[in-house]
Amino acid sequence: MTTPLPERAGRRCHNVLNPLHSTHYFSPDLGRELAAVGIEDSRAAYFAVRAAAMGAVGPGTVTATFYNFRHELVAKHVPEVWRAASPEAVLAARARAVDATLRRLLGEDLIGSKEVAEAAELALRAAEACTRTARPLYAAHADLPVPDAPHLALWHAATLLREHRGDGHLAVLLDVELDPVEALVSHTATGKGMAPKWALGTRGWSREHWEAAVARLRERGLLDAEGELTEAGVALRSEIEARTDRLDRAPYEHLGAAGVERLTELAKGVLMTALAAGAFPEGMTGKG
């Protein structure tokens with residue numbers, strides 16, 4: 001008999017796996033490897049490494065699947081980026097960057113540990129229950145081979161689980177009628193999302209776009225005059241996460257309660273090591 005998962009167990013597991021995937025976006029190793037294949041702009045590099053699994057797609061596909069980036073910013077770099085480097089070259093460069101990043105952040109002892117190997121095995125087992133239907137970013141990454149090295153297999157599995165949840169999350173955002181900027185603003189207002197300067201600096205939106213979204217959320221009764229979430233706003237953000245949890249429950253139910261607990265424990269240990277090594281810039285999240 002399968003033990004039911006504790007409430008939010010899958011989300012807690014996601015919350016330690018997702019940052020492991022994201023470490024390479026902030027790594028100098030990624031910039032170096034992408035520059036070596038002809039992609040020097042950091043925004044172009046992000047679009048390329050995350051979209052490359054889908055092939056040489058156009059800007060519309062990237063905007064649709066990434067959701068909270070301004071289309072004009074995407075179109076500035078896509079499809080031009082594919083003229084600098086093919087998706088295959090980008091994927092190979094990303095793999096080299098991920099390897100270098102994890103080795104630098106985690107150290108060779110942890111990279112070669114039985115804990116990392118166990119975490120990779122558990123995460124891959126969870127990903128067996130992910131589904132491709134209506135999940136384009138997950139489906140594209142699911143077609144890629146699993147790396148042999150355990151630390152890269154763990155990163156690959158974390159990527160699969162991240163994109164699986166992310167694809168479902170976008171469906172929920174559409175259903176609750178939060179447009180890309182409103183989604184950013186309301187997430188920032190929780191204190192857990194990107195700080196406004198980071199959102200504006202990376203997503204292509206202007207301060208005017210941000211303030212207009214704030215005004216729309218106030219009109220809906222989701223933000224108060226100080227820009228804080230109202231009771232209705234808190235309830236909506238909670239509903240978004242709960243509905244995302246439901247769409248993402250299959251991999252964690254497949255792994256089982258004990259497996260999810262163990263994977264969360266192992267991945268948290270790996271993540272704490274990466275954070276202590278400076279994996280992410282300071283001030284990236286929060287309301288300020």
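What follows is a walk through this structure, from the overall fold down to a few individual residues. Keep in mind throughout that the model is predicted.

Let's begin with the whole chain. The C-alpha atoms occupy a box of roughly 55 × 55 × 35 Å along the principal axes. For 288 residues, a compact globule would have a radius of gyration near 19 Å, and the protein agrees with that because its own value is 19 Å. Buried residues account for 51% of the 288 residues. If you look at contacts with a sequence separation of 6 or more, 77% of them join residues 24 or more positions apart.

The accessible surface comes to about 13300 Å², and carbon and sulfur atoms contribute 54% of it. There are 33 positive and 38 negative side chains, and the centres of these two sets lie 1 Å apart.

Now let's step into helix H7, which covers residues 87-106. Beyond its neighbours up to four places away in sequence, Ala 93 touches Glu 33, Leu 34 and Val 37. The C-alpha atoms of Ala 93 and Glu 33 are separated by 5.4 Å, although the two residues are 60 residues apart along the chain. Thr 101, also placed in H7, counts as buried because its relative accessibility is 1%. Leaving out residues up to four places away in sequence, Thr 101 touches Thr 23, His 24, Ser 27 and Asp 29.

The loops hold some backbone geometry worth a look. Most residues other than glycine have a negative phi, and most peptide bonds are trans. With that in mind, turn to the loop between helix H4 (59-66) and H5, where Tyr 67 is found. The phi of Tyr 67 is near 75°, a positive value in a residue other than glycine. Tyr 67 counts as buried, because its relative accessibility is 10%. Further along, Val 78 and Pro 79 are joined by a cis peptide bond, with omega about 15°. Pro 79 belongs to the loop between helix H5 (71-77) and helix H6 (80-84).

A positive phi turns up again at Glu 177, where the angle is about 65° although the residue is not a glycine. Glu 177 lies in the loop between helix H11 (150-175) and helix H12 (180-189). Is Glu 177 buried or exposed? Glu 177 is exposed, because its relative accessible area is 60%, over the 50% limit for that class.

At the start of H12, a side-chain oxygen of Asp 179 comes to within 3.1 Å of the backbone nitrogen of Val 181. How many of the 10 residues of H12 are buried? The count is 8, so H12 is largely enclosed by the rest of the structure. The buried residues are Val 181, Glu 182, Ala 183, Leu 184, Val 185, Ser 186, Thr 188 and Ala 189. An α-helix has 3.6 residues a turn, so residues three or four places apart point the same way. What covers the buried residues of H12? The cover includes H11, helix H13 (196-203), helix H14 (207-219) and helix H15 (231-247). After H12 comes Gly 191, whose phi is positive, near 90°.

Our last stop is His 254, a residue of helix H16 (residues 249-255). His 254 counts as partly exposed, because its relative accessibility is 39%, which falls between the 20% and 50% limits. Apart from residues up to four places away in sequence, His 254 touches Arg 125, Ala 126, Glu 128 and Ala 129. For a sense of distance, His 254 and Val 116 are 20 Å apart in space, C-alpha to C-alpha, and 138 residues apart in sequence.

Notes:
Residues are numbered from 1 along each chain as its sequence is written. This is a predicted model: local features need pLDDT of at least 70, side-chain atom pairs count only at pLDDT 80 or more; totals for chains, interfaces and linings use all residues. Side-chain values use heavy atoms; hydrogens and water are left out. Helices (H or I, at least four residues) and strands (E, at least two) are DSSP runs, numbered from the N terminus. Buried means under 20% relative accessible area, exposed over 50%, partly exposed in between (1.4 Å probe, protein chains only). Contact means heavy atoms within 4.5 Å. The radius of gyration is taken over C-alpha atoms; the globule rule is 2.2 Å times the number of residues to the power 0.38. Accessible areas come from the Shrake-Rupley method with a 1.4 Å probe; for residues, only the protein chains shown count as cover. Lys and Arg count as positive and Asp and Glu as negative; His and the chain ends are not counted. The place of a charge is taken as NZ of Lys, CZ of Arg, CG of Asp or CD of Glu. A polar contact is a pair of N or O atoms within 3.5 Å; within protein, one must be able to donate a hydrogen and the other to accept it, and residues adjacent in sequence count only if both atoms are side-chain atoms.
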